[in-house]
Amino acid sequence: MAHYKIFGQDPYWMNFFGLMILTLIEVAAVGLDLTEFAQSYDTTEKVVTLWILTIIAIPKFIMIAAIFMHLYGDEDSGILTLTALFPAFFIIIMVLFVGLTHPDAASGLPDWCRPGNYGL
Amino acid sequence: MSGDYDHDHHAPKPWGPHDWGHGAPHNSFSPLFMSMGIAIFLFGMAQAWSYGTYNPGNIPMILVGLLVVGFSLFIWWRQDISFDGHYEPLATGVPFRGIQIRKVGVWVFLMSEMMVFTSLFSTYMRYRLGIENCGTVFDRGMFDPVTNPTGWQEGVTVTCFEPASHLIASSWWHIAPGAINTFALIISSFTIVQALRYAKMPDLDDEARRKKVYRYLGTTWFLAVLFLTLKMVEWFIGFYVPEISAIGLHEHDIISLVDEGYTINADHYQHHSYVDEATGAHMVADIQVSASLFYVTTGTHGAHVAGGIIGLSYMTYKAWLGGYTPKNAVSIEYFGLYWHFVDLIWVLVFPFFYLY
């Protein structure tokens with residue numbers, strides 16, 4: 001259990017309120033018309049929405065893991081955080097090299113990183 | 001207890017029941033048999049529905065897999081039935097020395113779960129970034145041989161994709177079940193932490209603890225059931241919005257995703273005309289609705305919620321009987337880790353599969 005306070009208050013209640021507020025902002029970001037805001041940055045509303053959602057998802061993720069899952073503030077938090085981060089390498093591989101590749105990557109990549117070079 | 005391992009010459013029975021007075025058993029066959037059972041079950045499932053064709057000849061293999069899993073669970077249960085929850089084995093090796101073995105086990109399990117969901121997320125990213133959807137095609141503007149050679153042409157039908165999230169994000173009513181579910185999971189994460197807090201509270205009398213713990217666990221159970229119910233409404237049932245003229249609400253039906261044509265193998269097309277307000281031109285599209293990854297990912301998450309409901313049912317009943325004390329409350333903590341993880345995954349699923 002948590003042995004600390006957040007702004008002098010119970011950490012679980014504070015975390016709960018924080019998560020609720022962030023979720024409200026998330027839903028509002030989708031519902032509000034952000035077209036003009038997006039145009040001022042020379043982009044589309046969808047891109048702005050995606051950035052807002054991504055930015056909000058990060059603190060929500062950390063708040064749940066650190067406070068509700070006790071990865072912060074407990075004696076064993078350090079080693080368990082490292083344990084939880086162990087799949088990070090796999091996640092980076094999957095996201096960067098599978099998720100963010102393009103369908104024509106096999107033929108559209110520069111010669112130096114395609115099969116057939118270096119005698120392979 | 002864990003310090004006694006080196007001097008313990010007791011030979012635990014691999015088929016149980018186990019004598020916990022001699023420490024935790026290390027020779028159970030159950031995990032091995034259960035893994036084999038799951039492999040047989042999944043192999044049978046993959047063969048039974050191959051490329052959309054149903055092959056009933058593989059049903060016996062599915063049943064054999066389930067039988068092996070059931071047998072393994074029975075043996076596991078038989079070994080653990082003598083466990084009173086008060087003995088908590090501690091890890092003796094680096095780097096987890098002194099930490100509860102079950103806690104480390106839960107974290108290792110959650111790591112493997114993280115990899116499962118990462119695979120689904122990376123597939124989704126690949127799909128969304130690699131294939132243009134109808135909105136993107138329309139936003140490219142009208143064809144012009146000089147200034148816009150990749151644009152769409154009036155009178156030429158475009159074939160394009162629409163992910164399920166586009167329909168869901170198109171109106172507040174379509175978002176509503178997912179949004180309510182988001183709040184339900186966050187509240188349930190909080191209620192299970194509260195259950196753990198009161199179960200561990202040393203200066204609370206037994207009856208007050210019993211009431212607090214079973215009410216918080218019961219609330220978590222209710223929210224989990226609400227989550228799956230709304231999931232069914234969203235996928236299969238839809239709902240009715242009544243006429244409330246005072247707030248400008250008009251009577252209409254919100255149709256379920258399946259009835260909108262978003263099926264897991266969506267192999268049909270919907271016709272739609274996009275109008276360019278600036279020029280008045282029409283882009284005519286044959287939209288191939290696409291939801292296989294949506295159903296697989298949200299379904300995998302939903303299956304985790306369903307598994308949680310089974311665990312919560314048992315725990316709520318145990319709490320109602322007054323089964324939790326500060327000495328054995330760690331069971332709630334370990335289940336809580338799993339439940340928070342389910343919430344954690346939803347934090348990512350909701351914005352990217354529902355809103356974007």
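**View 1. Helices H3 and H8 of chain B pack at an angle of about 160° in this predicted model.** H3(B) covers residues 101-130 and H8(B) residues 292-320; helices are DSSP runs (H or I, at least four residues), numbered from the N terminus. Their axes lie 10 Å apart. Axes are lines fitted to C-alpha atoms over the stretch in contact, and angles run from 0 to 180 degrees between N-to-C directions. H3(B) is therefore roughly antiparallel to H8(B), a term for angles over 145 degrees. The crossing of H3(B) past H8(B) is left-handed (the near helix is turned anticlockwise from the far one by less than a right angle). H3(B) makes the contact (heavy atoms within 4.5 Å) through B:Glu113, B:Phe117, B:Leu120, B:Thr123, B:Tyr124 and B:Tyr127. From H8(B) come B:Leu293, B:Val296, B:Thr297, B:Thr300, B:His301 and B:His304. By class, 6 residues of this contact are nonpolar, 5 polar and 1 charged. Ala, Val, Leu, Ile, Met, Phe, Trp, Tyr, Cys and Pro count as nonpolar, Asp, Glu, Lys and Arg as charged, and the others, Gly among them, as polar.

**View 2. Helices H1 and H3 of chain A pack at about 165°.** H1(A) spans residues 11-31, H3(A) residues 45-68, and 10 Å separates their axes. The pair is therefore roughly antiparallel. H1(A) passes H3(A) in a left-handed crossing. Contact residues of H1(A) include A:Tyr12, A:Phe16, A:Leu19, A:Leu22 and A:Glu26. Among those of H3(A) are A:Ile52, A:Ile56, A:Lys60, A:Met63 and A:Phe68. The contact has 17 nonpolar, 4 polar and 2 charged residues.

**View 3. The largest cavity holds about 80 Å³ of space.** The structure has 3 cavities of 30 Å³ or more. A cavity is a set of points, on a 1 Å grid over the protein atoms alone, where a 1.4 Å probe fits but cannot get out; lining residues have an atom within 4 Å of a point. Points are joined across faces, edges and corners, and volume is the space filled by probe spheres set on them. The lining of the largest cavity numbers 13 residues, with B:His174, B:Pro177, B:Glu234, B:Ile254 and B:Ile255 nearest its centre. Helices H5 (164-168), H6 (172-200) and H7 (206-237) of chain B each supply at least two lining residues. H6(B) gives the largest share, 3 residues. The lining divides into 9 nonpolar, 3 polar and 1 charged.

**Notes.** Residues are numbered from 1 along each chain as its sequence is written, and chains are lettered from A and ligands numbered from 1 in the order in which they are written. In this predicted model, local features need pLDDT of at least 70, side-chain atom pairs count only at pLDDT 80 or more, and totals for chains, interfaces and linings use all residues; side-chain values use heavy atoms, without hydrogens and water.

How values were computed. 1 Å grid on protein atoms, 1.4 Å probe; cavity = no way out; pocket = protein on both sides within 12 Å on 5 of 7 lines; lining within 4 Å. Parallel < 35°, antiparallel > 145°, perpendicular 65-115°, else oblique.
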